[in-house]
Amino acid sequence: MSSLRHDGSRDYPYPADVGGRFTWARRVTFAVLIAIWAALPWVHVNGRPAMFLDVAARRFFLFGASFNAQDFWLVFFVTTALLFALVVVTTVLGRAWCGWTCPQTVFLEALYRPIERWIEGPRNERMKRDRGPWVFDKVWRKGLKHFLYVFVSLFVAHVFLAYFVSIPSLFEMITRSPAEHPEAFGWMIATSAIFWLDFGWFREQLCLVICPYGRLQSAMVDDDSLVVGYDVGRGEPRGKGKRKESDSRGDCVDCNRCVVVCPTGIDIRNGLQVDCIACTQCIDACDDVMDKIGKPRGLIRYDSLRGLRGEPRKLWRPRLAFYGVLGVLGIVAASLALRAHAPFEANLVRMQGAPYVVERAADAADDVIRNQFQIHLVNKQDEPRTFRIDVIDDSGAEVVLALSEVTIEALGDRRISLIARERRADFAAGERMRVRVSMEGEPEPRDIEAPLLGPIR
């Protein structure tokens, strides 16, 4: 059983309402995650939003740290560390990410699904209404539901947009004509439509058809990973009706309650399946039934495949050790990369055009070789800083520096011209131009250099 039929068509699931300890724990988790997500553009750290990705200006602010486009290489190390961490978590906890913290699950279960249940009622009513004719009751309920879906989608899209334009800019855009900011308006409409289509109709198909993580879990999960599973030994053979002391049937009364509450439409009693997102709704449903028939909870529970077979679970195994080493290496690499984040950038680059110029004189011995450079300075701080430039060249060349001190605005950059002139008779191969750059407030200056070029005698 699944929301995907054997021919690939969809069997639309109608998950029933369920309550219990895991359901309430997930609701609290969803509320905390949504609160953090919605608050990040509002909370300021060092005068900036805690998370502000100003793509247009190529400036990025993350929890008080500021970055620019030249720091994009850090994304590789941070992403790699997160992926390794997810692999380790999956090996230990199975698909806990999918059922508890994935944005697809969080927004669907915390925002959209409650609207559907509030307007259209419980599972049986929704199924009966969808299979019936388009009468007035069906039209107004469907219309109101999708109207609220659109409203929630617009809200979610605007919050996401605030991460890229900031809250003040967002409020200004809302009060002005969309023609004044067509790019932002277009992105907002597009993301709202995607959210409405995904959470209003596509839903679990994103997890089953598009998301690669569900397919990859089969390579990461082993017999000792924590999964949501059914205890076959205790539950079989199934049978309806009350149990007596001499009854040879298992504890499963074949009520199908675990099936009807599943958001992907699977039967957990068929074993671990790629469609299972570890949402734990079947656990709460089964525990409720066990309470009613006077049986202990845990027929469906969090356990490893080994534990469900009655065998002891192994916490440490070679696979987990290997993944753990990769995870630690990823975190160390990301930490070192973030520590390497410099407060400013300084580069000595040659000007475009000829690599050097020979200024001819009446006497060839008096010819002058001219090398032209630019000092490219980038202020990566979120406030203006003053830079001092000192030439520490020991080649004997005559150096003309356009500015020895310059103030650069926050996250701005400047290019300063530098010309080195040297008599051809004094020029020697291998000479280099050296410059020392100091930034206000930083104790460590930076030395930059570039080769001096000229004709070989």
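Reader: Is R203 buried or exposed in this structure?

Author: Burial is judged by relative accessible area: buried means under 20%, exposed over 50%, and partly exposed in between, with a 1.4 Å probe and protein chains only. At 2% relative accessibility, R203 counts as buried. Please bear in mind that this is a predicted model, in which local features need pLDDT of at least 70, side-chain atom pairs count only at pLDDT 80 or more, and totals for chains, interfaces and linings use all residues. Residues are numbered from 1 along each chain as its sequence is written, and side-chain values use heavy atoms, with hydrogens and water left out.

Reader: Where is R203 placed, and what is its phi?

Author: Helices (H or I, at least four residues) and strands (E, at least two) are DSSP runs, numbered from the N terminus. R203 sits in the loop between α8 (182-202) and α9 (204-210). Its phi is near 45 degrees, a positive value in a residue other than glycine. Most residues other than glycine have a negative phi, and most peptide bonds are trans.

Reader: What is the phi of A278, and where does A278 lie?

Author: The phi of A278 is near 55 degrees, again positive in a residue other than glycine. A278 belongs to the loop between α12 and α13 (281-293), and at 8% relative accessibility A278 counts as buried.

Reader: Which peptide bond is cis?

Author: The bond from E236 to P237 is cis, with omega near -5 degrees. P237 is located in the loop between α11 (232-235) and α12 (257-260).

Reader: How should I read salt bridges, and how many are counted?

Author: Side chains of opposite charge can pair when their charged atoms come close. The rule used here asks for a side-chain nitrogen of Lys or Arg within 4 Å of a carboxyl oxygen of Asp or Glu. By this rule the count comes to 49 salt bridges. R203 takes part in a network of them, which links E116, E120, E125, R129, D130, D137, R141, K142, K145 and R203.

Reader: What partner does E180 meet in a salt bridge?

Author: The side chain of E180 meets that of R176 (3.3 Å, N to O). R176 is partly exposed, with a relative accessible area of 44%.

Reader: How does one read a helix such as α15, and which of its residues are buried?

Author: One may begin with its span, for which the expected value is 1.5 Å times one less than the number of residues. Helix α15 (residues 318-339) has 22 residues and reaches 31 Å from its first C-alpha to its last, close to the 32 Å expected. Its buried residues are L320, Y323, G327, G330, A334 and A337. Seen down the axis of α15, these fall within an arc of 120 degrees, so they line one face of the helix; the arc is that of the directions from the helix axis to the C-beta atoms. The face turned away from the buried side carries the exposed residues P318, F322, L329, L336 and R339.

Reader: What covers the buried residues of α15?

Author: Cover is judged by contact, meaning heavy atoms within 4.5 Å. For α15 the cover includes α2 (73-93) and α10 (213-220). In α10, Y213, G214, Q217 and M220 are buried. They cover an arc of only 100 degrees around the axis, which puts them on the same side of α10. On the other side, L216 and S218 are exposed. The cover over the buried residues of α10 includes α2, α3 (96-101) and α15.
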